[in-house]
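Subject: Structure for your review

Dear colleague,

Please find below the structure that I am handing over to you. I would ask you to look through it before reading the notes that follow it.

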Amino acid sequence: MERKRVPIGYEDLKEMIEKDFYYVDKTIMLKDLMDSGGKVTLITRPRRFGKTLNLSMIRRFFEDERNGRGEPVDNSHIFADLAISKCGHAYMVHQGKYPVIDLSLKSAKQVSFQLAYGELKKRISEEFKRHQYLLSGEALTEKERFDYRRIMDVADEPQLYLDSVRFLSECLAKHHGRKTIILIDEYDVPLENAYFEGFYHEMTGFVRSLFESALKTNAHLEFAVVTGCLRISRESIFTGLNNLEIHSVLSPHYSNAFGFTEKEVKTMLARYDLSDKYEELQEWYDGYRFGQQEIYNPWSVLNYVKTAQADPKAFPKAYWSNTSSNEIIRELIEEADHTTKAEIEILMDKGTIEKAIHEEITYGDIHQSADNLWNFLFFTGYLKAEGQRLEDGELYLTMAIPNLEIEMVYRRSIINWFDQRMKQVDRIPLVKALEEGDCEEAAAFLSAQLMDTISYFDCGESYYHGFLAGLLKNAGPYLVVSNRESGSGRPDLILKTAAIRKGRVLILELKAAKNAAEMEKKCAEALRQVEEQKYAEPFIHEGYPKVDQYIICFYRKECLVAKMEKK
């Protein structure tokens, strides 16, 4: 069987089918959408889980598409071999029958309201231009033609844009003789951007007016589908919209329409002779749960398969997490109190935390409490649900980190935070304690830093190695050398001065104990190891007059320091 190309970054179903890319068939969603009968459907999923592609599928199926001259465009070939074509006449009769408005708000990421608003005006103008065949027909009045052209020309008349989507739906309905389907993609991007840039109130007002006229009081609406990452509260932008049907990642509806199921992943791997890669792929990119459906990250799976095709020995990468700044993780870590730090550590140790979940949220709520941040992380794909319970009418979720890819996001964010934090910490007392042989003071300093940082313990000694290397970097007059050859063994860290005849060397051997009672035993074993491996000899032969050797043993956030006494 011929292997189709793996699509990366394609967001239009028509382009994918006509260019013969591999497509994971999600067209049963069309049947589910028709069966639901919902007037306005809001579906929230994490970014890059196929929202834009699915909206293109809805548009290409339902739209009575016309070219610039108003001539019909036949898209029936797109669906000829897909699942929806086998669902019967009752569904296929709707193909190509409706005018469709397709509006994406994802580009509204500017530093001011005027720039973001200007970008939204351009997107609205482009959709009006896509339907400019309306100006050649007989359905519109002269006033409607005038307003239509003003919007196409991006006129500086704010009132025109507040009602623009409803107005376009009316024009389309008059021309086609059928009500209009409205598709709005990434509806919350302007709101998220506005919140972080400081003009949330202004943007909320514009989006609320746009949505109310298009989705609430619109007699020309057949149905609408709106997508985004977060379910923004009705009070924020959906005021009075009683016909809104909401399906978040907790909903059983459309649970397998976004992302890849296990069966879909295994079928894809088999198609590309990569079935032996399944366990690795699962460990890195599985772990999401929409409704009761186990889901894989589609963006990462596609990138993984494409890379493995070219190089079967290539290592997995954090494809999804590298597509954004992961700003929310950074904020969680920077703002964490002792309780939140402890919860992050539990997650990093492959444990779970339980939190009350509030599906309706505003961006203004995010920083009101740590619990709101946890909610945000869950709905945007940085946590998964492993269980749930209801108590006094409130839903509680047991949550964990979904997979290795997301674990890497947390780990990198913790390391970056730690590096920044260390720039403000005076580490000279630690260096002084080591120089003076004060083991108790050195242990107290290290324990205090561990207590105030965020740890992950699954790496054992390697975690503490990174912790101590970061702590000692640029501390005092020493060059920090990590895991370099010395004597007949490899000490973990070496601190040495550039000067030799009047300089000194501090050799640090690190150990991680399984419990607190084991710490002294580990220190004793390590002291014998240091003596047997003769770590100090190369530096003594080099001419350093002072070479001190230490064992530093860790258990969780406790530390024991022992010095090798000279004989």
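This is a predicted model: local features need pLDDT of at least 70, side-chain atom pairs count only at pLDDT 80 or more; totals for chains, interfaces and linings use all residues.

Residues are numbered from 1 along each chain as its sequence is written, and side-chain values use heavy atoms, with hydrogens and water left out.

The sheet

Helices (H or I, at least four residues) and strands (E, at least two) are DSSP runs, numbered from the N terminus. Three strands form an open sheet in the order β8-β10-β9, with antiparallel pairing; two strands pair if DSSP finds at least two bridges between them. Because β8 (353-356) and β9 (384-391) stand at the edges with a single partner strand each, one side of each has no neighbour in the sheet. Between β8 and β10 (residues 394-400) there are four bridges, and Ile353 stands opposite Met399 in β10.

Helix α18

Helix α18 (residues 404-422) has 19 residues, which at 1.5 Å a residue should span 27 Å; the end C-alpha atoms are 26 Å apart, which agrees. The expected span is 1.5 Å times one less than the number of residues. Several residues of α18 are buried, among them Tyr410, Trp417 and Phe418. Buried means under 20% relative accessible area, exposed over 50%, and partly exposed in between (1.4 Å probe, protein chains only).

Salt bridges

A salt bridge is a side-chain nitrogen of Lys or Arg within 4 Å of a carboxyl oxygen of Asp or Glu. The whole structure holds 39 salt bridges. In one of them, Asp12 pairs with Arg60, and the closest N and O atoms are 2.6 Å apart. Asp12 lies in the segment before α1 (13-18) and Arg60 in helix α3 (residues 51-62), so this pair ties together parts that are 48 residues apart in sequence. Both Asp12 and Arg60 are buried.

Arg421 forms a salt bridge with Asp452, with the closest N and O atoms 2.7 Å apart. This pair links distant parts of the chain, since Arg421 is in helix α18 and Asp452 in helix α20 (residues 439-452), 31 residues apart. Arg421 is buried at a relative accessible area of 14%, whereas Asp452, at 30%, counts as partly exposed.

Yours sincerely
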